[in-house]
Structures are given as C-alpha cells and as structure tokens.
Amino acid sequence: MLREDGFGSGSTRDRAVDGATVNGDAPLTNGNPPIRIGVYVCHCGTNIARTVDVEQVTEKAGELPNVTVARDYKYMCSDPGQEMIKEDIEELGLNRIVVASCSPNLHEETFRGATAAGGLNPFFFQMVNIREHASWVHEDRESATEKAIDLVRAAVQRVRHHRALETRRVPIRPEVLVVGGGIAGITAALTLAHAGKHVYLVEREASIGGHMAQFDKTFPTLDCAACILTPKMTQVKAHPNITLMTMTDVVKVEGFVGSYEVTVKHRPRYIDVSLCVGCQQCIDACVYKRGKFEDEFDVGLSKRKPIYLPNAQAVPQVVLIDPEQCIQFSSGKCKQTCLEACDRDAILFDQEERVETLEVGAIIMATGFQTFDARRSPHYGYGIYPNVYTALEVERLVNASGPTGGEVVLRDGEKPTSVGIVHCVGSRDQKTNPWCSKVCCMYSLKLAHLIKEKTDAEVYNFYIDIRTPGKGFEEFYQRVAAEGTHLIRGKVASVYQQADGDGELLVDVEDTLAGMVRRIPVDMLILAVGLEPRADAEEVRRTFNITCSGDGWFMERHPKLAPVETFTDGVYLAGCCQGPKDIPETVAQAGAAAGQALALIDRAYIELEPNTAHVIAEDCSGCKTCIPLCPYQAILHDDAENRAEINEVLCKGCGVCVAACPSGSIVQNLFEDMEIYEEIEGVLAYA
Amino acid sequence: MRPNIRTEADRSPEFARWITSLPGAEKIQECMHCGLCSASCPLFAYMDYSPRQLMHLGREGFEADVLGSFTIWLCTSCYQCTVECPRQIPVTEIMYALKRRAIEEGVYTEHLPIPILAREFQRMVAGGIWSARDDSRFVRRPSGVDGI
Amino acid sequence: MKKLAYYPGCSLKGTGRAYDESLRAVFEVLGEPLEELDDWNCCGATSYMSIDKREAYALASRNLALAEREKADLLTPCNACYLVLEKTRRHLADSAEMGHRVRRALDAVGLSYEGDVRIRHPLEVLTRDVGEERIKEAVKEPLKGLKVAPYYGCQIVRPYATFDDQYHPQTMDRLLKATGAKVVPYPFKTRCCGASQTGTLPEVGLHLVYRLLNEAEARGADVLAVICPLCQFNLDAYQSQVRREYDLEPIPILYFSQILGLALGIPAKKLGIDRCVVSANRVLERRAAHAA
Amino acid sequence: MREKADNTGPTSHEEFEPRIVALFCNWCTYMAADLAGTSRMGYAPNVRVVRVMCSGRIDPQFIMHAFARGADGVLIGGCHPGDCHYQEGNYKALRRFRLLRRVIESLGIERERLRLEWISASEADRLRRVADEMAADIRALGPLQLSIPAEDFASAEGAGAELTSPRIAWQTAAKEVAIP
C-alpha cells in the first residue's frame, strides 16, 4: 500500500488569488509528492456565517502548514462550490481537500464526489462540521469562531495522513422482511412483491389488517375501510412473492445491510394453517354455547369463544385457539367437540412453537401504534362510567360488521340522544403525551358525522384546536360544521354520571370562545384517544438496532431528507411506528420505504465505507488479544505464521481490535492512530 | 365600567416579566387556552375573568385588569386547575402571588372582604406579637419566636 | 411504625373539636393512643400564603422542627394543615434558598430541621399501618344499612396525591365499608366545598354547599362523611341558610372518625356527635335499631 | 439577531475557558450532537468533537495524548449499553475507561476531567447537559496542571511503567465484565 507519510512544514504565504489565501508548495519529503491542501469554508447562507466569522476562519486556515489555498463561499454544496474544488485541484495541484460546512452525515458524499471529480481519490477528503457543532449551538461569535478554527486545524492536520482507499462492495440479498401487517406493512409488502422481490411479512396477531381493519369509514371521503383494505389483504395472501407469517414474533436480528439473519418465532395457533378452510364449524361445535371472552377485534364490545376467527375479514381465514381459555388446555378434560366437527383434522392441540431463520437484504419496520389508554386520564371516567367510550370502541359500533351491526347504541341498547366527543385525550398534555396525534381531529369529525347520520343525536365536539391540514380535510370540517354539530372550543374538565341512574353524564367545559363554562348532559361520551408508541417499542428497537426519538417513536435518519431511513443501513420505517399518521400518509410512507428497499436491492450490491481494519503482518506478535474482541469473528490466527489476519469482508470497521492491539499492528482505514492523534492535536494547538 | 378596549399603553411589560418569572409560571407562555382551569374551577361562575383569561392577561402585562380582578380573591386554593393543566401551569400558586402583589400594592377592591380577612388572619397569627405562648381563641401562635 | 406526633391544628381546637375528640377516641380503642405535639403552632393555612410566602413557610416549618426533635412524623387530620405542612416540607427539600432562610429563622429560636419528617393523615395511618382487618375485628356495632357519601374535599388529594388516588380516592371508602355501612357513589368526592368563601361571599359559598349536599341527597345518602374541619363546618353550619334558598332535606355531616367510632361502640357523646348543627339522630337511630 | 454585539460576550481572554476534547461514536453521540445543532440547543462552546466509528475504537493513548497536548478535559460519548452499533464496543470502552480513570487519578489528574457518557442519537438534551456540566466542573477546577513534562506524559516509554501497565491490563481483561 502506498504510504504518504511525508509532509513538510508550512511555507510563508506568498500570493493571494481572488481574495483567497494561497500558500506556496511545501517542500518534498521522503521522496513523496508534497501535500497541497485546499480548505473551503462554507457560509451556508447565513446559517454558519451569522455566528462564525467565516472570513477569519478562512484566513487562519490559509496560514496552516501545507494549506495551498483557503476560500470561503456562500454554499459549498452548490454546483459552483463543488466546481471550485474541482478546478482548484486541477489548477493548483491540490491533493487534499477539507470542507468546513455542515455534518458529514449530510454532505460528506457530495464533497467526496467533488474531490473525485477533480481527479483525486475521494478519501483524500476530510469534512469539518462547523454548522451543527458550532454555529447552530453557540451564540457567542468569538467562541464559535474560535471553535471553528480549531476544528478546521484538526482536519487539516488529519487529512495529511489520508490515503487512497477503495470502497468495498457488498452483495445485497433480494429478499425483504416486513415487520407488521397493518396497512403500512401490507402496502410495502405488495409494492415489493409486485416488483418481483420476495417478501416475508411477519405479523404478531392472528390476522393482518391492523387498526385499519377495525375502522368503519375513512376520512374525509368516507369510503369504507374494509372495502379498500380487504382486497389488499387477500392479495397479500395470494401473492406468490409474499410469505405471510401470522402469530409470529421477530426474536433476533443479526448481520447487516444486504444480509440480515432474522430469527422468528411462530407461536402455536393450534390449527394447521394449511388445512383449515375457515368453515367455522369448530366454533359452532365448541362446548361453550355462547361467546364468553372479550373479543379483541371488537375492543371488548362483543364476546367470543376460546376457538375463534379473529374477525370476519381475517387473512388468513383460519381460526385459532386461545389456550388460556380453552378447557382442553386448562383441564385436559374437554369433550373436544371441535375436533369432531373438523372434517379436515386441522385442529392440533399439541402444536408447538416453531423457530425459523430468515435471510433478507433489507427490513421494513411497520409495527404501528397503540391508542392511548383512557384510564390514564381518570377525570374522564373511562372504565368507571359505562357510557364513556373510546373512539376505537365507537369505530366498532358504527361499523356494519361490528357488534351492533352498525347501530350506534349504548350498552343498554338505547339510542343516544346527545353525544359528546372529547378531542385530544392523551395528546397535547404534559401529564400524558405532549404531542399532537394528528388524526384525532379528523376522525372525531368523522364520528360526529356518522353518529349524527345514524342517530340524529345532538353531537358536541369539544376541541382545543381543529387541525385539518390535508387534501379535502378542511372541506370535510366545513361539511360537519354545516350539519349542525356543536363545535365547542374547550377541553372537558370533568365528567360525572347523574344520580337518577339512567347513565346520563354531565360534562363541564369552558366554552372558551363564549368565555363561559357550560354544563352539558350527554348520553354518550367518546374519548378521542391519541396515538402512542407501542408498549414494546423500546424492546423492538433494540432487536433491530434502531433508535427511538425522545418521545418513543422510531427515529428516522433525517426528519426531512431521510424520513423512511434509519441510522441502521437497510432498515426502513413505514407508517405510525415513526409517528402519528393518517392512512394516506401511511400508505405513501410505506411506498417510499418499499422504494428505498428496492433501490437498495436492485443495485445488487452496496458500497461500504472502506473503514475496515487490517494487520501489518511484520508487526504482529501473534498474541491473539484481538481475536475474541471482534464481534464479527473477522479475525483469524494464522498458526503457520503466528499472526492475526483480518477478513475485510467480515470487518465492519468498529476499530475495537485496533485500540486493543498491544503492538499497534492493526490499522483502521480512515481512523488510523496517526489521523486521530493529529486531529486531537489539531483541536488543541491554538495560538 | 372600563371600556372594552386596551392600547399598548395599558400594558406593563414589567408586570408580564414578573408574572412569568414566578416559579413554574414561565409555562404561562405555553398556554393553549384549552380552558381546563376555568371549567374545573368551582368558583368560576362568580369570576369576572376566567382563570384562563387571567393567565393570558398576565402574560400580556395587563396589570390593572389582573390585580383589579375578583378572580384572584375567589380562588379557594383547591388546586383543581393546577392538577388538570395540560401545560402544567401552577395556576393556584400564581393566584397566591397575585393576591400578595395586590395586597402589597393596595389595589384590591375595598368592598371585597376576602383580602381584608387574609390580612387580618396574618396579623392574628404573626401580628408582631411573636411573644409568649398563647392559646388564642382562634389560632395558636408560635411561642418564643421574635420574628423572622 | 415511626412515632407519630399528633398535630390537631387550630380548627380541631375550635369548631372542629368533635374531630379531635373522635380521633382520640378511635385511636385509643384501636390501641394507638394519640400523643399531641408539644408547643405546636398554627400552620398559617392558605390565607397566610396569600400575604407572605416566606413567613408562611417559616411558620409552618416550626412544627416540622418540633416533630423532628421528637423523632416523630406528623399526624395531621385537617386538610388545610396537611397541605400547608406537606407543601412546606417539599419546598424546603427542593429550594435551597428558601431552606436556608427558614433554617436561619428556626436557628434564631433554637430549632433546626433536617428534612426527616413525613406528614401523615389519619386515613393513611388507619388503612396502611393499622389496617382494615384490625378495624373490622374491632367493630362492635356494624352500621348495616347506613348509606354514607364519602367526601374528601380538595386539599388532601391536590396538588399532591400522597397516599390516595387523585381523582378517585378510596381510603375513606374502605374504612367506611369496614364499619358495615354502604358507601354510595359520590362523584363530588374531591370537589371544593368553598369553605373559605361561605363566610366572605355567602352567595358563592352557599351554592357550592348546595351542590354537594344535593348530590348526596340524590345518591340516597343518610349522612355525608368528611375528613376536614373546614368542610364539616361549612357543610353543617350553613345548611339552614342553604335550605332557605334551595330545596333540600337536612343531612348530617359527620367526620369519618365519628362514624368509625360509632361502629367501634364508642358512646356518641365521647365522639362529639352532639356538637353537630344538623342533627345526626338518624345515624344514631340506625345504630340503635341494629343493636336492638 | 446574534450579530456583532456578541463580541462583548462572556468569553474574555483573562477568564479560564477549559478545552475539552470529545471523542464521540459515530452512531449515537455524534448524531446527538448533530441533533443538538438542528434543534438549536445551545451548549458550552468548550467541547471539540473528534469522531470515531465506535467508542470501542478509543485507545486510552488518545486520552493521554489529549491531556498531554493541553486538554483540560476529555469526554467520551458512546451508545447506551445494549445499543452499540457493533454489538458491544461500548462495553469495551467502559472497561478501558474504568482502568484509565484509575491511572489518571494516580497521575494527579482530577477524575472530573475524564468522563464517559452514554448519549443516544435522540438525546441532544442530555448532550447539552453533559457539555455544560463538564465545562462548569472543569472551569471550577482550573487548567490542568501536569506533574510530569507533557512530552514524557504522552509517550509510554517516557512515563514508564505507570502507563504501560494499564495498557497491558486492558488488553488482558478481555473477559466480559458485568455492566451495571
């Protein structure tokens, strides 16, 4: 490998070109070509220049050893900015480039490209982050400028040691894992499957469909959720490129972008999925003559038996048995009437959990959300007063396939004559969740419309702000307002049931627009519960090695420019696991995630940073210290030569072995000891 | 009756700064006017300004309106508003501070017995006679305290 | 259990004497006689807080210092005292500046406070330390058929919910159930009674009192059980005035400790039941009827 | 808004302003620093970030080098236990940190000058707090006073056994230690 250790001391500044500071050549050392560095300081409009004195940084940079030219420019990432680098390389014979601008996470690729366009190896480049790490976090101009100068000096000292490197290519497996079978996961899976990629769609529940399957109508167009979702669900089942796995959990993820090894656990449903045709005769035959247990899909508003179909539109159309409830499991003494009823012998009481390993190139997370538990806001009386409902419960009530066949009736079967809908329950509240859940305004208006249509009740929407940014949303709001729904701007403070016993509730709320408190009797109170990260989001993100933002949602790589990527290459986000979203947004994001995964797969390989480690054979003493430290088993001991050898295909470039090598014989590309020492020295060497 | 119009000259920026610098009261700035404080207030019915409006007037620096309001004297310190506030504004504590300031500045309305009662109660307990132990008819005064 | 210093507060020496009498009697029967904190002083209540915060904290902290000297926690039955003392305790723990000033004031009278005193309420002590089982065993005259509405008032659960649920407190409900009485659902459990306003702004206060009593009547309660001397006075003494303006049957207002005392077989006289303005005869009759 | 007026700001040259070298892992703490930037969270300007891919890459020599070259403090930032992008590089960093802290204390360097913090990509606020705290702590301590010449300090040969022994120690301690 070419070594370019030599660099000379700085020479005096001898000429200035176009206002830029230009140094003379450094003398030749050790026969290597002299180091000639170009430093470019970006204003980023005023983002950097407002707080950092970029002219001063440029001037100081120009005085540093080996710096041939130092310039500042309004936008270094623009075409003219990049062109400037390219021209300087050609005209001034630069062989190292330093750009001081934003985070390398944003534009390192850009400037490596510009360096390469000038004919240099792209790794003869070093980036300095003076925006995120200086101008945006400091107010004091003097200290921010001082810091920027230090960081530039560090980069200049470091870049002198850079070597020419080649990026590595790693093949990408074409299969994709989609985690979660709601509308996000379904969309992503179908998009990929249509493109000819094989998809493993893993769903924890017994059926795909997610929350959307529970809804009746969807805002603002009021098309029926089932009508648009069910065909997609059946497509998933039928698609030759999709392997659907329900009642399955991801338990372990190993490997890295391009070749993930995913361990999944199939929980037993005690039914042979390949034999069951969903005829439901077993359910009819069950020793329980009537439903006894809370139906999860109907949010407890109906009862089901221990053997059941998750819901009428379930995909797969296969029953399951709840072993906690089935007598056969608890006592072993059931008459097993279900077994007799099944002419396909699909019931397997002894079915066991099964573990399987999948190999995929990319992963799409579509694990969704959970609704806020209304018991956490006890003053609304949910769980205490029977006529206080959550919005999800009411979604089931208004649904034609729901427990009441679409009739909006109270628990006693009566039609409500007045209904209150409380917005922002578990949203915009420091005591629960501070964020806006984004969909509640619209779904509350939708419920107001549907309830009015079905019951002709007085409907009161209690809101803090009505937020309807979306296509056709404001128009829908207008329509609901025109229907005579009461829109009362104020948050309900207290709810209690009247003494006379018919379950009527009294609601106290400030009508903030009228400036008075109103006391309103309602038969039914609906809590528009917000969206929150699933309870096990933290566990899941660890399994997949991704990040959660402070509020617990999965964190995207960049809030604007990489909204479906994560910090882990090859893992993408779709839908509400990243934050509250409505259906169109979820579908759009799922499409985007699938698109990103496709772009990755279709290239068939990925270029990786050449930051791997290698052993300098003649320095290695064969002590084997490094071998157990490597998390990827990339280091082998060559017994014949008594030295370590690193398989650079397996090396991921963490550098743990480098730091541990007693003889200093392991080198990590891009993070060589000398480079880091120089960088440390650089930030500290101040005049 | 005060006309229902205010100019910028009616605002006291100092008052706004003072009120938002009370412990926890910087949160007034984050009020989203949901009205939970007002609707949960047992005395709301008799107030001239709702607690929500009072917080807003304070934030904007309308000192005369705030200190001249009945609202602060009606507060019974039941803490319902404080507990409910989704932005965690310590409304009750702010009410205490407003009462103190109104008494200091002597701006409370004389026909309201509440501030006078508060003043008298304080005199009764402390009263400058922090002397010997005395089982008064109403309150137990501390003994042996010369004043703080 | 850490030693408890009983802090009755001014009200229990005046209008709330029945609370004092009944608490002493109940704890006596349960084998945990109360020992009064020596030389305690007024907590300052909420009014003082409206005048001078610093003095108010100093005033209240003196009681904390006295309790600490006796290595005791404070047992505080009055809602207002409970809140003021708890607030002072928290404030001294959180604010170094206030802590310093208060310490200086205490120092001047030869006292000190290191922060080692908990503020405890009889409801907490009875449900947690004594326990409902022991109480059930001690019940001699179960109050079968008596319908009680439990009213906790405001400051015991707000702003700090120290030993019970903020919205749906249960400790008094449990104690009342232990007596054999029926606890009726009472949604205004923690609504303010307007105590401090009934005297100053009768129109305002009386309406609040009316709402609370009317709701208890609507729920079919024979008696309203309270835990605060201010609530008791307010709901009891002003009832005749309320009835002049609103349609309302008289309803007795008893401290939970009085009801508990009756069940424990303590004579009504010793529980101060005769001190009620609104006659509590119907409660006594119920007991007598049951005993007969 | 921020303009020139800030020149009269708090950093007068007479006042001691500590130099803190921050060695941050690429995946968590460096990202947190980026997030602090995009969220415009101001923090003490004393921190100079040097990026490494993993906190496990941090050779104790880097830290000694930083102290020798005039750092008043060194901050190591890595992913929370269990969150390492490379499985467990942060555990290795912790192990080295513990040993190194003993060494620097034996060399008379106050323990506050070397700090290890787990800061995830979303914890910009924590980063701010740590940076501010550390700057304040070290400002209170004053500039680092090395008892042996900086040149000797930096090189293992010069500083003798004191420095070489821990270097061996952290390699031999390859077995996992329990993470609290």
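## Helix packing and chain interfaces

The crossing of α6(A) and α7(A) is left-handed. Both belong to a predicted model, in which α6(A) covers residues 183-194 and α7(A) covers residues 225-238. Their axes come within 10 Å and cross at roughly 50°. An angle between 35 and 65 degrees is neither roughly parallel nor roughly perpendicular, so α6(A) and α7(A) are oblique to each other. On the α6(A) side the contact is made by Ile183(A), Ile186(A), Leu190(A) and His194(A). The α7(A) side contributes Leu229(A), Lys232(A), Met233(A), Gln235(A) and Val236(A). By class, the residues of this contact divide into 6 nonpolar, 2 polar and 1 charged.

Helix α6(A) also packs against helix α15(A), residues 583-602. The axes of α6(A) and α15(A) come within 8 Å and cross at roughly 40°, which makes this pair oblique. The crossing of α6(A) with α15(A) is right-handed. From α6(A), the residues in contact are Ile183(A), Ala184(A), Thr187(A), Ala188(A), Thr191(A) and Leu192(A). They meet Thr586(A), Val587(A), Ala590(A), Gly591(A), Ala594(A), Ala597(A) and Leu598(A) of α15(A). This contact has 9 nonpolar and 4 polar residues, with no charged ones. Ile183(A) takes part in the contact with α7(A) and in the contact with α15(A).

Another helix pair in chain A is α5(A), residues 141-159, with α17(A), residues 673-684. Their axes come within 7 Å and cross at roughly 150°. Angles over 145 degrees count as roughly antiparallel, and α5(A) and α17(A) are therefore roughly antiparallel to each other. The crossing of α5(A) and α17(A) is right-handed. Helix α5(A) brings Asp150(A), Leu151(A), Arg153(A), Ala154(A), Gln157(A) and Arg158(A) to the contact. Helix α17(A) brings Glu675(A), Glu678(A), Glu679(A), Glu681(A), Gly682(A) and Val683(A). The division here is 3 nonpolar, 2 polar and 7 charged.

| Helix pair | Axes come within | Crossing angle |
|---|---|---|
| α6(A) and α7(A) | 10 Å | roughly 50° |
| α6(A) and α15(A) | 8 Å | roughly 40° |
| α5(A) and α17(A) | 7 Å | roughly 150° |

The closest N and O atoms of Glu146(A) and Arg19(D) are 2.8 Å apart. Across the interface of chain D and chain A there are 8 salt bridges. Over all chains, the search of the whole structure finds 82.

The size of an interface is often given as the accessible area lost when the parts come together. For chain D and chain A that area is about 5600 Å², with 53% of it on carbon and sulfur atoms. The contact takes 62 residues from chain D and 60 residues from chain A.

Between chain A and chain B, about 1500 Å² is buried, and carbon and sulfur atoms give 52% of it. This contact takes 18 residues from chain A and 18 residues from chain B. Within chain A, the residues losing the most area to chain B are Gln430(A), Lys431(A) and Glu510(A), which together give 35% of what that side buries. The count between chain A and chain B is 1 salt bridge. Glu510(A) forms a salt bridge with Arg52(B), with the closest N and O atoms 2.9 Å apart.

Key:
Residues are numbered from 1 along each chain as its sequence is written. Chains are lettered from A and ligands numbered from 1 in the order in which they are written. This is a predicted model: local features need pLDDT of at least 70, side-chain atom pairs count only at pLDDT 80 or more; totals for chains, interfaces and linings use all residues. Side-chain values use heavy atoms; hydrogens and water are left out. Axes are lines fitted to C-alpha atoms, for helices over the stretch in contact, and angles run from 0 to 180 degrees between N-to-C directions. Helices (H or I, at least four residues) and strands (E, at least two) are DSSP runs, numbered from the N terminus. Angles under 35 degrees count as roughly parallel, over 145 as roughly antiparallel, 65 to 115 as roughly perpendicular and the rest as oblique. A crossing is left-handed if the near helix is turned anticlockwise from the far one by less than a right angle, and right-handed if clockwise. Contact means heavy atoms within 4.5 Å. Ala, Val, Leu, Ile, Met, Phe, Trp, Tyr, Cys and Pro count as nonpolar, Asp, Glu, Lys and Arg as charged, and the others, Gly among them, as polar. Buried area is the accessible area (1.4 Å probe) that two parts lose on being put together, summed over both. A salt bridge is a side-chain nitrogen of Lys or Arg within 4 Å of a carboxyl oxygen of Asp or Glu.
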